[in-house]
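Have the viewer ready and follow along.

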Amino acid sequence: MQMMCRRQPDGQLRREEKQEMARLVDVIDVSKIYNPGENEVRALDHVSLSIDAGEFVAIIGQSGSGKSTLMNMLGCLDVPTSGTYMLHGMDVSHMSDNEQSDVRNREIGFIFQGFNLIQSLTAQENVELPLIYRGVPRKQREQLSVKALQQVGLANRMDHRPTEMSGGQQQRVAIARAIAQAPPILLADEPTGNLDSASSREIIEIIKRLHKEGRTVILITHDPGIAEQAPRIVTISDGRIRSDIKNPKAG
Amino acid sequence: MEYIKSAFASIMENKARSFLTMLGIIIGIGSVITILAVGNGLKHTVGGELNEIQSGGITILIDAKKTDKYLTGSEVRAIGEEVPEAYGASPSVTAYGDLIGRSTESGSLKGGNEYTLYGKKKELADGRYYNETEAESGAAVGVMSQQAAVILFGTTDAVGKSFDATVGGQTRSITVIGLFRSEEKEIEQAYLALRGKEGVYAYIEVDVPYTLLTEGFNLSGANIQSYQIFPYPDQQDAAALTARRLTENRLGLRGENAVTIQSFASMLDTFSRILNVVTLVVAFIAAISLLVGGIGVMNIMTVSVTERTREIGIRKALGARTGSILVQFLAESSMITLIGGFLGMLGGYGLTFIVSKFMSFPPRILLSDVALVVVISTSIGLFFGIYPAYRAAKMNPIEALRYE
């Protein structure tokens with residue numbers, strides 16, 4: 001199918017234009033195969049998934065279901081073995097390492113399970129990191145990082161290092177880092193996995209608020225309780241999408 | 001700028017380890033600086049001194065271990081007149097003793113003939129040098145510096161005055177017939193010393209006819225085993241070779257290698273050859289030390305890259321390009337070696353300062369040496385940082401993020 005599109009450049013062009021208008025994320029028939037050959041592992045098996053701008057989607061699956069591979073793919077950390085991934089109208093499935101770095105920097109704000117803050121930097125310096133790689137001048141960087149930290153309620157912890165903060169606070173710094181330069185997509189991978197229930201609620205509330213403010217949020221989790229917070233739930237197992245439902249209970 | 005800041009922060013994070021890593025670089029650069037400073041100081045001082053006497057004669061030596069033959073004063077004069085590339089030749093006889101003027105000073109009487117004047121860079125301020133007749137007749141006349149005159153007579157107006165010289169228990173009265181010009185400062189210092197104030201102790205040298213020493217004081221008879229030849233400008237080598245050949249012919253010492261040339265040029269040559277060997281040895285040690293230091297930096301940087309795998313993963317996930325990671329780690333490794341280089345430079349200067357206390361010349365520290373240190377240490381850091389930095393830059397972000 002991909003081959004056919006290539007042979008008909010006109011058709012593909014029209015398709016891309018259309019996507020740019022509505023679809024933010026368009027995963028088309030993507031497979032990811034590890035160890036090709038006898039012991040091959042099909043982590044993703046012909047997956048197709050579209051997400052529009054402004055949506056809040058939870059992707060739920062057990063460990064080994066392929067959700068981490070999907071998350072790496074969506075986050076431009078990995079490229080598919082076959083199929084096409086259109087992000088913001090760009091085909092990112094065949095990009096070089098450096099091009100992928102630029103796309104990640106511009107398009108995606110990551111929120112990880114393990115927070116992934118750099119221990120030797122202060123909260124503010126951590127938030128500034130993606131801005132540095134984007135080439136934002138220092139003054140503007142400071143303004144943006146202060147604003148982002150205020151949004152997560154950590155304006156009074158700017159000069160603290162990760163070791164001086166609780167898990168919930170660290171995850172809020174990570175969220176500030178993800179939203180500092182206002183990327184179109186927030187990609188949260190088990191954001192509450194390492195937190196107690198009070199902190200978890202706090203983080204989910206912040207994520208929901210960010211969604212209400214107009215951001216696109218993709219939340220990856222194994223916990224149905226967390227997934228239920230999202231208006232759309234995609235279930236994945238054995239590398240295939242099993243269901244994709246609207247969730248009226250969310251809100 | 002951000003890279004430098006973050007590299008510095010990372011070095012400070014682990015002060016002890018960073019310092020130990022730097023040690024090889026510190027020792028290497030320290031020894032480079034020390035040898036450069038000492039070498040430059042030595043060259044400068046000796047070079048200056050040699051320049052001062054460069055126009056002086058070339059000494060021809062008859063080796064007493066190989067032959068008991070010798071020349072007489074008139075034979076030396078004859079050889080000098082036969083050498084086409086030289087003004088002439090003069091015996092050189094030196095005697096040490098007490099010189100008695102206003103006070104008694106120790107000093108030396110330097111015996112020569114009228115050609116000796118060609119070996120002097122100093123100019124006569126007053127009076128004249130001794131002539132051929134005086135040189136060969138044992139006349140009790142002498143020429144000294146204005147500074148020496150102040151010490152012996154209390155005045156620079158000393159031509160015609162006499163002083164007693166005691167050498168080997170014999171005393172003769174010597175009349176001053178000429179004065180070499182001294183610098184104002186030297187004269188002033190002599191006056192100060194005279195008034196018992198802080199001044200410079202000056203060793204007094206008096207030029208006298210060699211016959212005054214060999215006959216007047218009856219020293220060593222007329223046996224002359226070394227003399228000086230005074231070449232025309234730029235004819236040093238030719239003059240020396242001709243003089244040696246003539247000497248060998250006269251004494252029947254051909255092919256016995258018993259007559260040797262000792263020019264200041266050849267002394268300088270020998271000196272700088274020795275200095276070059278010393279420099280080479282130290283440079284070799286320094287190079288090994290820098291190499292070992294560089295490998296140490298590479299080692300520690302590799303460990304650091306592994307330890308910070310997760311950080312690298314985070315940075316890549318946030319949009320760091322391969323080049324950014326590469327530059328970050330190169331900045332860190334070259335910062336380590338640059339700081340090491342500066343510490344080594346300080347250490348080297350300290351060592352140089354201590355060394356100079358035991359030597360009679362001041363060390364010289366050149367700006368170009370500092371520039372050299374900056375260039376060398378930075379490039380060591382860059383070179384030995386390439387491998388670990390490349391490893392860091394090429395990491396797969398997914399695996400790096402998963403690293404515990």
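This is a predicted model: local features need pLDDT of at least 70, side-chain atom pairs count only at pLDDT 80 or more; totals for chains, interfaces and linings use all residues.

Residues are numbered from 1 along each chain as its sequence is written, chains are lettered from A in the order in which they are written, and side-chain values use heavy atoms, leaving out hydrogens and water.

**Chain B overall**

Chain B has 13 helices and 11 strands (DSSP runs numbered from the N terminus: H or I of at least four residues for helices, E of at least two for strands). Of its 404 residues, 45% are buried, where buried is under 20% relative accessible area, exposed is over 50%, and partly exposed lies in between (1.4 Å probe, protein chains only). Among chain B contacts (heavy atoms within 4.5 Å) between residues at least 6 apart in sequence, 79% join residues at least 24 apart.

**Where the chains meet**

The contact draws on 24 residues from chain A and 18 residues from chain B.

| Item between chain A and chain B | Value |
|---|---|
| Buried area | about 2,000 Å² |
| Salt bridge | 1 |
| Polar contact (both residues at pLDDT 80 or more) | 8 residue pairs |

Buried area is the accessible area (1.4 Å probe) that two parts lose on being put together, summed over both. A polar contact is a pair of N or O atoms within 3.5 Å; within protein, one must be able to donate a hydrogen and the other to accept it, and residues adjacent in sequence count only if both atoms are side-chain atoms. The salt bridge (Lys or Arg side-chain nitrogen within 4 Å of an Asp or Glu carboxyl oxygen) links Asp102(A) and Arg321(B) at 2.4 Å, N to O. On chain A's side, helix 4 gives the largest share, 6 residues.

**A tucked-away helix**

Helix 10 of chain B (residues 309-317) is largely enclosed by the rest of the structure, because 8 of its 9 residues are buried. Among them are Ile312(B), Ile314(B) and Arg315(B). Just after this helix, Gly319(B) takes a positive phi of about 115°.

**An oily spot outside**

Which residues form a nonpolar patch on the surface? They are Phe19(B), Leu20(B), Leu23(B), Ile27(B), Leu343(B) and Leu346(B). Helix 2 of chain B gives the most, with 4 residues. Leu20(B) is found in that helix and counts as exposed because its relative accessibility is 58%. Patch members have over 30% relative accessible area and no salt bridge, with nonpolar side chains (Val, Leu, Ile, Met, Phe, Trp, Tyr) joined within 5 Å and like charges within 9 Å.

Methods
Accessible areas come from the Shrake-Rupley method with a 1.4 Å probe; for residues, only the protein chains shown count as cover.
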